[in-house]
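Please look through the sequence and the model shown below, and keep both in view while reading the report that follows.

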Amino acid sequence: VVANAFGKFSKMTFAARWGRDFDSDAKRWRLRAAVMWVFANGIEIMTFVLQGIWPSSFVFLVAFAVSLKQISILTSAATRGTFYKQFAGKNENLGDITAKGDAQVAVADLVGMVVGIQLARMAGTTAAYVWSAFVVLSVLDFVFILKSLDMIVFRFLNLERATMLAHSFVQEQENGVQSPEAISKMEPLISRPAHCVPSGKLFEMAKGYWSDTFLSVSRTSLTPLDLKPLLEVFRDSEYMLLHVPQRPSHPIVLKQSADTLHIIQALLAREWLVRLCKE
């Protein structure tokens with residue numbers, strides 16, 4: 001009961017903090033959900049190993065495993081809706097695709113259950129077999145999810161795809177505007193976005209990958225004398241590009257009235273500034 005209650009609370013807290021990021025970075029969150037599920041399974045196996053050695057750790061380990069599984073299920077279900085919406089496209093048959101996708105998941109779960117029971121009967125439940133099967137199946141699960149995510153091509157822009165599009169258009173002009181398929185192949189899933197401003201790992205986990213790419217004026221460390229010429233240059237724009245010695249990647253400051261078009265304009269201007277500085 002304690003473990004389930006803790007899992008529900010963790011699920012609600014996680015959704016409140018990171019739920020808004022699922023749509024814009026669905027592939028990475030789906031991959032993270034798979035990693036959390038693997039860790040949760042490993043912790044569940046560990047509880048049976050440690051309960052005889054360290055009985056007091058049982059509740060803690062089970063609660064931690066249940067929390068990871070609850071968060072993984074939440075993340076997987078939330079991102080699956082984004083994938084289904086992309087598959088539906090202009091046909092708008094989202095209900096049909098959702099029904100068929102969930103049916104495939106049910107069939108896969110049933111087949112996996114039957115195969116797992118038969119393998120357990122044949123090989124037994126020794127510790128070496130259980131851990132070996134866990135490692136092999138976890139690696140296969142991770143590889144198959146990576147392959148399936150590579151097949152999904154999003155036809156809408158998020159910040160990562162917009163920066164990749166702007167970079168390829170400005171820095172590699174001979175290629176022209178890249179297609180969604182080309183951008184999808186270049187989109188990294190395991191590493192951070194290619195053109196975001198790097199920051200600390202913990203800071204990125206808390207604030208996101210783009211927290212140092214888009215700054216507020218208060219975070220620029222510029223004096224009023226430094227800002228005055230910039231405000232004059234960008235007085236008719238909804239954004240402002242900065243050249244800060246401590247931030248060589250040229251962060252962007254947006255006005256509150258900036259919309260999606262202004263963000264794309266700012267990213268293109270940023271790539272042109274990078275190119276001019278290199279030349």
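In which helix is the place of Trp29? Trp29 sits in helix H2, which covers residues 26-50; helices (H or I, at least four residues) and strands (E, at least two) are DSSP runs, numbered from the N terminus. This is a predicted model, in which local features need pLDDT of at least 70 and side-chain atom pairs count only at pLDDT 80 or more, while totals for chains, interfaces and linings use all residues. Residues are numbered from 1 along each chain as its sequence is written, and side-chain values use heavy atoms, with hydrogens and water left out.

**Residues of helix H2 and beyond**

Trp29 counts as buried because its relative accessibility is 8%, where buried means under 20% relative accessible area, exposed over 50%, and partly exposed in between (1.4 Å probe, protein chains only). When its neighbours within four places in sequence are left aside, Trp29 is in contact (heavy atoms within 4.5 Å) with Phe14, Trp18, Asp21, Phe22, Thr75 and Thr79. Between Trp29 and Val253 there are 27 Å in space, C-alpha to C-alpha, and 224 residues in sequence.

Phe48 is also found in helix H2, and this residue counts as exposed because its relative accessibility is 60%. Phe48 and Leu254 are 206 residues apart in sequence, with 53 Å in space between their C-alpha atoms.

Arg80, for its part, is found in helix H3, where its relative accessible area of 25% makes it partly exposed. The C-alpha atoms of Arg80 and Ala40 are 20 Å apart in space, and the two residues are 40 apart in sequence.

**Salt bridges**

Side chains of opposite charge can pair when their charged atoms come close. A salt bridge is defined here as a side-chain nitrogen of Lys or Arg within 4 Å of a carboxyl oxygen of Asp or Glu, and by this rule the count comes to seven salt bridges. The table gives some of them.

| Salt bridge | N to O distance |
|---|---|
| Arg28 and Glu160 | 2.6 Å |
| Arg235 and Glu232 | 3.0 Å |
| Asp96 and Lys100 | 3.4 Å |

The closest N and O atoms of Arg28 and Glu160 are 2.6 Å apart. This pair links distant parts of the chain, since Arg28 belongs to helix H2 and Glu160 to helix H6 (residues 159-171), 132 residues apart. Are Arg28 and Glu160 buried or exposed? Both of these residues are buried.

Asp96 and Lys100 are separated by about one helical turn, because they are four residues apart in helix H4. Asp96 itself counts as partly exposed, with a relative accessibility of 37%.

In the salt bridge between Arg235 and Glu232, Arg235 is exposed at 51% relative accessibility, whereas Glu232 is partly exposed at 47%. Salt bridges that share partners also join Asp25, Arg28 and Glu160 into one network.

**The largest pocket**

Rolling a probe the size of a water molecule over the atoms shows where empty space is left. On a 1 Å grid over the protein atoms alone, a pocket is an open set of points where a 1.4 Å probe fits, with protein on both sides within 12 Å along at least five of seven lines, and lining residues have an atom within 4 Å of a point. The largest pocket has a volume of about 1,900 Å³. Its lining holds 44 residues, of which Trp37, Ala108, Asp109, Asp141 and Ile145 are the closest to its centre. The elements that give two or more residues to this lining are H2, helix H3 (58-88), helix H4 (94-123) and H5, and the largest share, 14 residues, comes from H4.

**A surface patch and a buried loop residue**

Val135, Val136, Leu137, Val139, Leu140, Val143 and Phe144 make a nonpolar surface patch of about 630 Å²; patches are made of residues with over 30% relative accessible area and no salt bridge, and nonpolar side chains (Val, Leu, Ile, Met, Phe, Trp, Tyr) are joined within 5 Å. Val143 is found in helix H5 (residues 127-150), and this residue is partly exposed, with a relative accessible area of 35%.

His250 lies in the loop between strand E1 (239-241) and strand E2 (252-254), and this residue counts as buried because its relative accessibility is 3%. Leaving aside neighbours within four places in sequence, the residues in contact with His250 are Leu242, His243, Arg270, Leu273, Val274 and Cys277.

Methods:
Patch = residues over 30% accessible without salt bridge, like charges linked within 9 Å, V, L, I, M, F, W, Y side chains within 5 Å. Areas by Shrake-Rupley, 256 points an atom, 1.4 Å probe, with all protein chains shown as cover. Points joined across faces, edges and corners; volume = space filled by probe spheres on them.
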